[in-house]
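Open the model in your viewer and keep the selection tool at hand. The stops below move from strands to aromatic rings.

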Amino acid sequence: MVFTAHTKIREEKFGAVIFETLKEKIFITNRTGKDILNLLQKGSTLEEIVDTLVNSYSAPITNIRNDVTNFINQLKDNSILTR
Amino acid sequence: MDLINSVTFKDLKAPLFIAWQINSECNLGCLHCCEEAGHPMPDQMHKDQIFNFLRQIIELKIPYVALSGGEPLLHPQFFEICEFLRQFNISLKVETNGEFIDRNLAKIFARLKFRSVQISLDGATKDTHERLRLRGDWNKTVSACKALIEEKVNTEIVFVPTKFNIHEIGELIDLAYSLGVWGVYTGKIMRIGRAAKNWDILCPSDEEYDVFFAVLNKKIAQYDGRMKVYYYPYDVIEELKYRLRYPSASLLVIPNGKVKLIGPLPFICGDLRKHSLIQVWENYKQAWSNPKVVEFAKKVIEEPWLVSEANDWIELYH
């Protein structure tokens, strides 16, 4: 999974801003979203991201996998990540 | 970890977008120019001040910059500025009349991987375009589009409807598609600068706008999925009403380094020759709740002709 060419990400106190500058669309995410974005930027796979988050959050792995999958799908639907 | 909507511009550590009028010099004398561009501004930022500003853009991780003018390609440091920003992977758009863009310049835009080059084309025909854009050359502008598209530069066309050209919107969109442009942008003319002085001969009637929107909507449907045709939905007063409630996370920088709160208002919230960019951003955040600004903006909403005073600056911070 790769970020599209015109996507810019900036960390903020609340999490991160994602700016898809070609379509001029702005998205906001919280700190967990920011952590996922950082992992995606490092080239982590879905399972690697889930494994990392399981160690940080006291939630069942199935819930974490669902949440991460949904988040990644939102990024793809909004042309932030390539499919 | 969802994408969320509860954040406002005040929560951001820096702007997300800089609209930078790098000069006021222009080779044309367009009747509808909202900047009254033509001659250089006497106190335009010099090279050291420009690069000081650019370094702050990088430090603050501002993701997206649009360069305009005047005619930005007349600025002596235009390509140095572009090279600098692209070196740090800032998304970059330029708004130009296109008249200086030949194959060689198109290759430079391609190498620098601009987000887009946005060209003002105000007619589907030479006569119409040149009646509005005095000293303009329609052939050069269309050639610029072709050169950019051949070099695979993301090319956009901007069309401002006036009494002179409003009837050509359909043909213009067809022309844009035949050229292979990425998108056509249009929106109501703003009553600022030279456009304000020529308002009576420029501003289309309601009936002309009705026909315009009918054609536009047809073209939007016709090119759906093939070419972006975008109408900016707010006129200057609607924009002001909206921005009073939801200010944007962007700064409008004029050639002398002063930063306007928003195009239709005269308020200046900082000077990049004297203030740091982060200070200007903090000023900007506060300025939107400054009673002087709010009161004046409400007055403009009631009496739209006051927008014509938008270039008579009022400094909020010295």
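Two strands pair if DSSP finds at least two bridges between them. Helices (H or I, at least four residues) and strands (E, at least two) are DSSP runs, numbered from the N terminus. This is a predicted model, in which local features need pLDDT of at least 70, side-chain atom pairs count only at pLDDT 80 or more, and totals for chains, interfaces and linings use all residues. Residues are numbered from 1 along each chain as its sequence is written, chains are lettered from A and ligands numbered from 1 in the order in which they are written, and side-chain values use heavy atoms, leaving out hydrogens and water.

Select B:Ile18 and, opposite it in strand 3 of chain B, B:Val65. Strand 2 (residues 17-21) of chain B pairs with strand 3 of chain B in the parallel sense, over five bridges.

Now select strand 4 (residues 91-96) of chain B, which runs parallel to strand 3 of chain B and is joined to it by four bridges. Here B:Leu92 stands opposite B:Val65. The chain gets from strand 3 of chain B to strand 4 of chain B through helix 2 (residues 78-87) of chain B, and this β-α-β crossover is right-handed.

Is strand 3 (residues 64-68) of chain B buried or exposed? Five of its five residues are buried, so the strand is largely enclosed by the rest of the structure. Buried means under 20% relative accessible area, exposed over 50%, and partly exposed in between (1.4 Å probe, protein chains only). B:Tyr64, B:Ala66 and B:Ser68 point one way from the strand, B:Val65 and B:Leu67 the other.

**Aromatic rings**

Rings of Phe, Tyr and Trp (its six-membered ring) pair if their centres lie within 6.5 Å; planes under 30 degrees apart count as stacked, over 60 as edge-to-face and the rest as tilted. The count is 24 aromatic pairs over all chains. Select B:Tyr209 and B:Phe213: their ring centres are 5.9 Å apart and their planes at 20°, so the pair is stacked. Both lie in helix 9 (residues 206-222) of chain B, four residues apart. B:Tyr209 is buried at 7% relative accessible area, while B:Phe213 is partly exposed at 23%.

Last, select B:Phe9, B:Trp281, B:Tyr284 and B:Trp288, which form one aromatic cluster.

Definitions and conventions: Right-handed = clockwise from strand over helix to strand, strands pointing away.
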